[in-house]
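Q: Please walk me through this structure feature by feature. For each one, give me the general idea and then the case at hand.

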Amino acid sequence: MEFAVLGPVTVVRGERSEVLSGRLQRILLGVLLARADQPVPVDVLTDALWDGRADPRAAQKLQLHIHRLRGLIGEPDRLSYGDAGYRLRVTRDEVDADRFEALVTAGEAVVEREPQLAVESLRSALALWRGEPFADLDNPLLADWSRRLSERRLTALETLYQAELACGLHAPVIGDLTDLVAEHPLRERLHELLMTALHQAGRQSDALAVYQRARETLVSELGLEPGPGLRALHARVLAGEAPPAPPVPLRHDTPAQVPMDVRGFVGRDAELAELDGLLSAGTSAAIAVVTGTAGVGKTALAVRWAHRTRDRFPDGRLYVDLRGYGPDEPISAADALAGFLRALGLDGAAIPEDLEERAARFRTMVDQRRMLVLLDNARTVEQVRPLLPAGPTCFTLVTSRDALAGLVARYGAHRLGLERLPPADAVVLLRELLGTRAEVEPSAVEALVERCARLPLALRISAELVRARPAHAIGDLVRDLAEAQDALDLLDAAGDPYTAVRAVFSWSYRHLEPAVARVFRLLGSHPGHELDVHALAAMAGAGLRDTRRALGVLVRAHLVDESVDGRYQSHDLLRAYAAELGEATDAAADRAAATDRLFAYYLATASAAMDVIAPHEAERRPKVAASSAELPVFETYDAAFGWLDAERANLLAAAEHAPPEYLVALSDTVWRYLNTGGYHDDAVTLHTKALHAAQSLGDIAGEANARRVLGGAAARLGAISLAVEHLRPALALYERVGDRSLQAATLNNIGVAYWRLGDLTSAGDSFRQALARYRELGNVRMCAPATNNLARIRYTLGEAAEAYELFEESLAISRAVGNRTSETNALCGLAEVCAGDGRAGQAMEYARLALGTALDTGHRSLEGTALRLIGIAHSVRGEHQEAAHHLDVALRIARGVGDTDQLVAALLARAAASAAAGDADAALSWYREVLASERGQAHRDDYAHALAGAADVLADRGDHEEANEHWQRALAIYRELGMRRADAVAARLGRLTTSAG
């Protein structure tokens, strides 16, 4: 069975292929495929099929369409119905869009090292494309999926032509690239690829003409000069330099974070035109601020404009809800920047801790890129200031209830005040929402518009309540609303529009069933900003079916919004109102019980996710109490990691309100996830809270655990002294409670800290002690990381044979227990030892195996390590061009992920490879970068390697005095560290002295 959406929606059964011709059937199958293997609630499907229009027979009609679709599929069991809705069972290889994504990802992963393999994978992916997905279906969920797939196709084409140019196929791709440039004139990478192809074909004048046309288009359309990549390429072609390598693609997709467009958007033509005008050529405005009262439609306007102008921002659109006016704490600028940096491709470990450093990195990454930055619901200028790009290529759109005068005064922002909808537009919106009923009572519609203060939020909620009560006249409901406003005394003399919104809330809330009303109130007491049905069911102490039904009612009433990925959140006014109702309606004990159930659910689910992510550590994680709620099931590593990513903010928000026992257990449960994901700032925050919580409880083991993981997080951030300050007391506390397994884990961490401080002897002693304790306990699972660490220390000290045996031992353990990270580390170690001994073939074999496991697990830093070792193996073989290529990729990865250890290792390897290729100047440049770096000085062995390597190059070209100085300094460090290399350097120094004498 196969399902095709990359073109006409098609179902393939064996030799039979049937294209779906009916519009509703295509929407139904599309929505089910968009949420494949997930239950899709009935109301979601009926809204998609009939555009949210009220129809009492919608559920019956849906059953008919489901019956027809089952007949078309031919396997009725695939499309089942349960408490949560309809579920279509498919596997990834049965949907052409999923196969397309997998093939594109595979091609991107190998484009730089195996371009021919990339060509094959990308050609296979693009062959699946038969046309724009869901081209004629006006459905927000499908439109969003279609846009993502279309953008993915364009990036796949760009990567394909890059790979084909790397294979020397410049002539065949010129025609295709010419057509693509004409079709997408604002994508600079296509211009770069076409210029490269023409230049490689010897057509310099044509390449220059492409640049000139690109520049004219960019200036006339956007008022911007070409970016630095296109300008640099133009300079090379103009200078007649050798044909350049094709431009390297971004590893990550172009960010497209803007939420779904709003249905039934009415009016605002003048405001949209005003924003359009700010993009016109010659304008200097790069910041616009949309201000207005709560519920007036600021976000809807910004999102609508962002979708309208999508093509004007080919490098992506960033979005963050800063939550400036909700019941929660506003999003800090630091957290918003961390999200932006990750979306732009920066791995977690590379995100700076300091706010100003994050802001500087953000400005650097978006420099010369044409992007939209949408900052929604901002509270203050200070919250926004660090999020502003520096140059004119980015456009920043801010929404706020505040005028944010500082942005206008200091940064020249353009302020756009958004008033309530004009009466005529408000009536049009209400008529669209109410359909034919509005035609029967036009005067009542106008009265309802005024009662809702012409605010879109209030109008949508009121319209849904009217639709839900078909037996009542609109006029009757208007009178009810008037009574509600009078009873609540919310309308003041000035006619504050917010009071009208609160009256509408009250009016709508009074008509909810008790169970649904309780769910609404619980939404106000959830500590985070958005949640899924499992979390809310846990709070309610109810089943998923009942909770999903209640949420469906609230979504239809516009009291809650559902996102594309099935998560729920409310407008901040509604959350505040729900919180007020909860405090006024529910007993304090009942509210506390709901949050207790939520904390238990989060902790139990996080533990279950970690059992999938790190099964080898399951025994030493805290034993958490079973939750009475139904937990999601994680069948794969990606599913478990994805849940933690989605809920990370909620887990940390819960930690702000949870009892100390929860903090201690959560810290010790998710520390590995935070480490792997690179969320080191979150880790320090959580583990510090856990430390204080454990101390308040007098929990010695809990304090030891918190200090252990806090020390590890500090070490990863480079705060080595702080790490030791926590790890030493942790070891003492574990000795007090008699936990020898965690003594071993702490000793391993202490060894890493000593290593980074340059104390190799103490590091080796700590690793040996850790191993001894693990072996005494028979804990084979945990031996692999400590064995790897000890092996690296022994290799650094010059004991290659012993290191090789230890790496082999670690490899066997890792494979036996399924620890893929330790397996990759061991393979890299074996490759390094073999390369050092001149066994290039074995080194290459081990390094390629390591690359495969690193790619499988998504461990970007280890991917760079494996590529570095492949480059070293090529250098040993005398394959200098291949060595340089792989080492350059390793360098880019190390810089991208912020792994300073791997960066210095890659720099040293690049320098040695340049020296072996006879390029002394380049070698010295690489060595001097190590010597100038703080990291090189912190790791004394690497600093000595750079000194000795530079000395070798200097001596070979006759600079004996400087070479002698470098060797003397390297020799002192080698002897201080007890490294065998001291003998070789002493001998080289002696030969130089004899030669000079």
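**Reading the model**

A: Start with Arg268, which counts as buried because its relative accessibility is 6%. Buried means under 20% relative accessible area, exposed means over 50%, and partly exposed lies in between, with a 1.4 Å probe and protein chains only. This is a predicted model, in which local features need pLDDT of at least 70 and side-chain atom pairs count only at pLDDT 80 or more, while totals for chains, interfaces and linings use all residues. Residues are numbered from 1 along each chain as its sequence is written, and side-chain values use heavy atoms, with hydrogens and water left out.

Q: Where is Arg268 found?
A: Elements come first: helices (H or I, at least four residues) and strands (E, at least two) are DSSP runs, numbered from the N terminus. Arg268 is found in the loop between helix H10 (228–239) and helix H11 (269–278). Its phi is positive, about 65°, although Arg268 is not a glycine.

Q: What is the phi of Asn377?
A: Phi of Asn377 is near 65°, again a positive value in a residue other than glycine. Asn377 is found in strand S8. Asn377 counts as buried because its relative accessibility is 12%.

Q: In what order do the strands of the parallel sheet come?
A: Pairing is the rule to know: two strands pair if DSSP finds at least two bridges between them. Here 5 strands form an open sheet in the order S7-S8-S9-S6-S10, with parallel pairing. Strand S7 (317–321) and strand S10 (414–417) are the edges, and each pairs on one side only. Neighbouring strands of this sheet are turned by 15° against each other on average, direction ignored. Axes are lines fitted to C-alpha atoms, for helices over the stretch in contact, and angles run from 0 to 180 degrees between N-to-C directions.

Q: Which helix packs on this sheet, touching S7 and S8?
A: Contact means heavy atoms within 4.5 Å. Helix H13 (residues 333–343) packs on the sheet and touches S7 and S8. The direction of H13 makes about 155° with that of S7. S7 and strand S8 (residues 372–378) pair in the parallel sense over 5 bridges. Val320 stands opposite Leu375 in S8.

Q: How many residues of strand S6 are buried?
A: In a regular strand the side chains alternate between the two faces of the sheet. Strand S6 (residues 287–291) is mostly covered, with 5 of its 5 residues buried. Ile287, Val289 and Thr291 point one way from S6, Ala288 and Val290 point the other way, and all are buried.

Q: Over how many bridges does S6 pair with S9, and over how many with S10?
A: S6 and strand S9 (residues 395–400) pair in the parallel sense over 5 bridges. On that pairing, Thr291 stands opposite Ser400 in S9. S6 and S10 pair in the parallel sense over 4 bridges. Ala288 stands opposite His414 in S10.

Q: Is the pairing in the sheet S1-S2-S3 parallel or antiparallel?
A: The pairing is antiparallel: 3 strands form an open sheet in the order S1-S2-S3. Its edge strands are S1 (2–4) and S3 (16–19), each pairing on one side only. On average, neighbouring strands of this sheet are turned by 20° against each other, direction ignored. Helix H3 (residues 58–73) packs on the sheet and touches S1, S2 and S3. The direction of H3 makes about 40° with that of S2. Strand S2 (residues 10–13) is joined to S3 by 4 bridges. Arg13 stands opposite Arg16 in S3.

Q: At roughly what angle do the axes of H6 and H8 cross?
A: The axes of helix H6 (residues 140–166) and helix H8 (residues 188–200) come within 10 Å and cross at roughly 20°. That makes H6 roughly parallel to H8. The classes are these: under 35 degrees is roughly parallel, over 145 roughly antiparallel, 65 to 115 roughly perpendicular, and the rest oblique.

Q: Which residues in H6 meet H8?
A: Thr155, Glu158, Thr159, Tyr161, Gln162 and Leu165 in H6 meet Arg189, Leu190, Leu193, Thr196, Ala197 and Gln200 in H8.

Q: Is Gln743 buried or exposed?
A: Gln743 counts as buried, at 4% relative accessibility. Gln743 lies in helix H33 (residues 740–757). Leaving aside neighbours within four places in sequence, Gln743 is in contact with Leu731, Tyr734, Glu735, Gly738 and Arg773.
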